[in-house]
Amino acid sequence: MVPGAKGASIAVLPKRGRMLNYNVGRKTPSICTYCAGGCGLLVTSLEGSSAEMREGDIYAKNLERDYSARGRVIEVEGDPYSPINEGALCSKPTAYLQVVNSDRRVLLPKKRTNPNKGENEDPGWVSISWDEAYSIIASKVKEALTTVPYKRTNSITGKDDYYYIGKDSPVAWLGSSYWNNEECYLGRKMMALLGSNNIEHQARKCHASTVVGLANTFGFGAMTNHIVDAKNSKCFLIMSNPAESHSMEFRWVTKAIENNNAIVIQLDPRYNRTTAKADIYARYRSGSEAAIFLGLIRYLLYEKPERIDRTFVGNRTNAPYDLNGNNVGLDDPNSILNRLKVLVANYTPAEVYRISGMPEDKFLNVADTFTDPDNRPGNIYYAMGTTQHTNAVQAIRAYAILQLLLGNMGVPGGGVNALRGISNVQGSTDMNELMHIMMGYREPPRTIKWYTPTPTGSITNTFEQMIRRYQKWKNFDPVKRGGSSDPAAVKANDDDPSYNKFEYRYYNRHFPTWNALEYHWGIYVGTWPGVDPDNESIVCDLPVGFGNPIVKLFRKILNGDIKVLICNGENPAVSMPNAGLVRQALASSSLFLVVNEIFETETAWFADILLPGSSQVERSGSITNTGRWIQWRYKAVDPPGECKPDLQYVTELYERIRFVLKGSGIKLPSEKYGDENVVTVKRTIGGVDLPTNPEAAWPSRFGRDSESVYKEIGAKSITVGSTTLFQSAANVLYRNSYDPVSRPDIGGIMPKRRDIRPVDAQDEQYGYFKNWAWSWMDNQRVLYNINETNPGVKTFFGWFAMNENVWLGLDRAAIWSEPLYDSTKPSTNPLSQGMPLHNEPLESPDTELASEYPTMWGSYYGYYEEVATGTPEDYPYVLTTFRLAEHMQAGGMTRNQPWLIECQPEMFVEISPALASIIGVNTGEYVIVKTARKPEGERMKCIVTDRIQPLTVNGNTVHEVAMPWHWGFKGLSTGASANVLCIDAVDVSAHIPEYKVCLCKVEKAS
């Protein structure tokens, strides 16, 4: 970079010298850090040995130190060998050089000196060493954990049980979807070892509803078909704007248009760049997605039943069963298919128009085109326009059911495909940086209640019962599972006849992962000594129960219950709804806030300790894209200044915290049990004693680098003593992706594969690229595809144990979903049906629709505190938000890049000409947008555009306005934050906030 020139992009060198340096530069393959498409990058770097390099090194100049030996990045370009982007790039990675070489980066650990926190309060940073930073953080964690209970007397056994309750921990963790898998894995591991399940990341805010909706229909909450598979599609129904939010992914849609004459249907409240490529475009009111798709399902069932793929529906879904598990046939009045038919009967084209504002003729055109057998396979794309609603799970379920009825699942070119928005949000979710799950979407020990429609009623298992039964499960095969080998030990097989079908299915899914984590994390879960599980003390090092989901988490901070928050690569001061309240929580005097970041973001402004993070080209590790491909990105240069690679940071942070806690007697429950009862709590596997010892397993038993941690995550097999572990991979989804036998040339790390040659004729026919990287599970490229060669998951994994006597196996998708069924709910709530319904947003613009289709949230939903809500009388317009191609999420990176700011310089709101005429404004003038969360409003420019239009909803005109949400009060470009206005109601099944619709008022600024 040019010395002293803020935002300059490339060093000024003599022409001959620059060419010479390019000739000697090194190109390193990497993966883009922005959206989750997984585009390949080539990073050109120079070794920093010359005086010329030292003179041009802004890091050395800023710190008055010589860091030039670290090397410098001089170019970031598309990787032409990548099968995903084939060398092409969108605007953001094209400008990424300005992130890596920015003179605005945080380069040293810093400590706050100003005790007051607020947007207008300068932190008064002073530079400190990493050692001092670790010491301060460890001291604060120790202070917070000192009084947390670990021992409770059991009222039945009379003995003391040892465990931590996960949600009650005063220590919380946020992030990060930008981190590599290994870093995310260690973050989750660290928090579990600290006894906390208060861990969340961006996925809760973007695709939590996808996971709940798809997992409870198919078995996994993942994109079913990769983005490159779009080339096999004949028709697209797009509920997002991938031309802007996922630009390189949209290339594959255009390939299908060019090669297959594929038809593109786009539904969106706002005309956008994707619309420009659509054959059919239909505008609708944000928040009515479920009604539209229930209307499409009704169209299929009532108007075009011959278009249903009856063979697929009969063989691969639970449609032909009744709710008692009897196969009564598709046409039986009691079948699930007919229950669905009755449920959707009201969603006629006229009713869809009344709810959504989509005209009947337009709706019928969409319905006829997408359900036409000549247009199969059909592909549904969606993103946050669907996921961020209080009934988002139900809308996504409707998408999935429609695709099941059409037979568009488990085939190339089909699927229900959620486009993830951050480079490793899929991987970070797989690593389970979320409050309710452990590795591989398994749960911590918790109390479970299943609702059933059978006379047996609901079934409840307490977490104590879970742990005791887990001990019996270990005892059944103690050599491999590490249970008690005492001949008198009480044992239970996987399919113990005393377990009902629900329990059997649950234990078979979760117990092997608990078993793997005992080994990989150096912990103990069970009873001690394990001989008599029903009457012994519970000793459980996994924190029990769920933690606090992210909206609730910030209420807990405000209430003083969360004392320490460690935030990594997240910017909740901008990205959270009702962001003003979140900033109030971050400013709380009772909160000690640690932020690890590249730039001084809005959240970093509130921090007590600010730690310098590294960019993705400054460290190595695996990253999982939206289509489940696990790729490896390689380190090109060392981080600048005192920045640490994030794997090193999290490794060292836990080691320091652990050292301080142990010195104060704050230990794992099994260690406390051992100390107080003078025993060594251990497991014995293959004749080898494995006492509780997290140090021996931190960061990994294999070593300290990213490859070592990955081996733990995805091991094919691990031998201990004389036996192989029952489950070797810490994350079952990634098993077999570390295989040193088959690929010793890459150290057995299968995500490092970079071979675009097909493995067989089918791979060549469909373009799976099965030799490139790795895909969970077991390298399958189209989930649930029974015809794919060497399929890893060819069956659906829905829950079908409908009563204690009927077991339907693992091969049927759930049109009726038992986990999403609760007979105690009112009939207007889709949970009362186990199938989707439309529900109005909490802030509906129409009181009549709000009464007929009441929100799922409701004042009765007592888990959350009341949220500030407005009425249509006070706030007559609907506000929704969108993304720009040139900016990323909360803007921490892109609002510090001059090139991108030049393209999109400031915050704005789009309004229709009709609304502009009511308000009396023109393009470029300022308006005030107000909501119940901020009645005084936010000031921003308006753009008057035909891209957004008024709708007729229930006979009334509804004006919708739209704004991007990338801005905040820090960075090179600052502006109003849309999320200050957005509502913090959530989907009750997924806890994802309702960003995409609330009521607002727009006034001309004085």
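At what angle do the axes of helix 12 and helix 15 cross? Before you select anything, note that this is a predicted model, where local features need pLDDT of at least 70, side-chain atom pairs count only at pLDDT 80 or more, and totals for chains, interfaces and linings use all residues. Residues are numbered from 1 along each chain as its sequence is written, and side-chain values use heavy atoms, with hydrogens and water left out.

**Stop 1: helices 12 and 15**

Select residues 289-303 for helix 12 and 349-356 for helix 15. Helices here are DSSP runs (H or I, at least four residues), numbered from the N terminus. The two axes come within 9 Å and cross at roughly 175°; axes are lines fitted to C-alpha atoms over the stretch in contact, and angles run from 0 to 180 degrees between N-to-C directions. The pair is therefore roughly antiparallel, the word for angles over 145 degrees. Now show side chains: A291, I292, G295 and R298 of helix 12 meet P349, V352, I355 and S356 of helix 15. Contact means heavy atoms within 4.5 Å.

**Stop 2: helices 12 and 16**

On the helix 12 side, pick I292, G295, L296, Y299 and L300; on helix 16, pick F363, L364, V366, A367, D368 and T371.

**Stop 3: helices 7 and 26**

Next, select 181-193 (helix 7) and 646-663 (helix 26). Their axes come within 9 Å and cross at roughly 15°. That makes helix 7 roughly parallel to helix 26, a label for angles under 35 degrees. Side chains to show on helix 7 are E182, E183, L186, G187, M190 and L193. Across from them in helix 26 are D646, L647, V650, T651, L653, Y654 and I657.

**Stop 4: helix 18**

Finally, go to residues 392-406, the 15 residues of helix 18. From first C-alpha to last, helix 18 reaches 22 Å, close to the 21 Å expected at 1.5 Å a residue; the expected span is 1.5 Å times one less than the number of residues. How many of its residues are buried? The count is 15 of the 15, so helix 18 is largely enclosed by the rest of the structure. Buried means under 20% relative accessible area (1.4 Å probe, protein chains only). Step one residue on to G407, which follows helix 18 and has a positive phi, near 70°.

Notes. Helix = DSSP H or I, 4+ residues; strand = E, 2+ residues; numbered from the N terminus. Buried < 20%, exposed > 50% of the residue type's maximum accessible area, 1.4 Å probe, protein only. Parallel < 35°, antiparallel > 145°, perpendicular 65-115°, else oblique.
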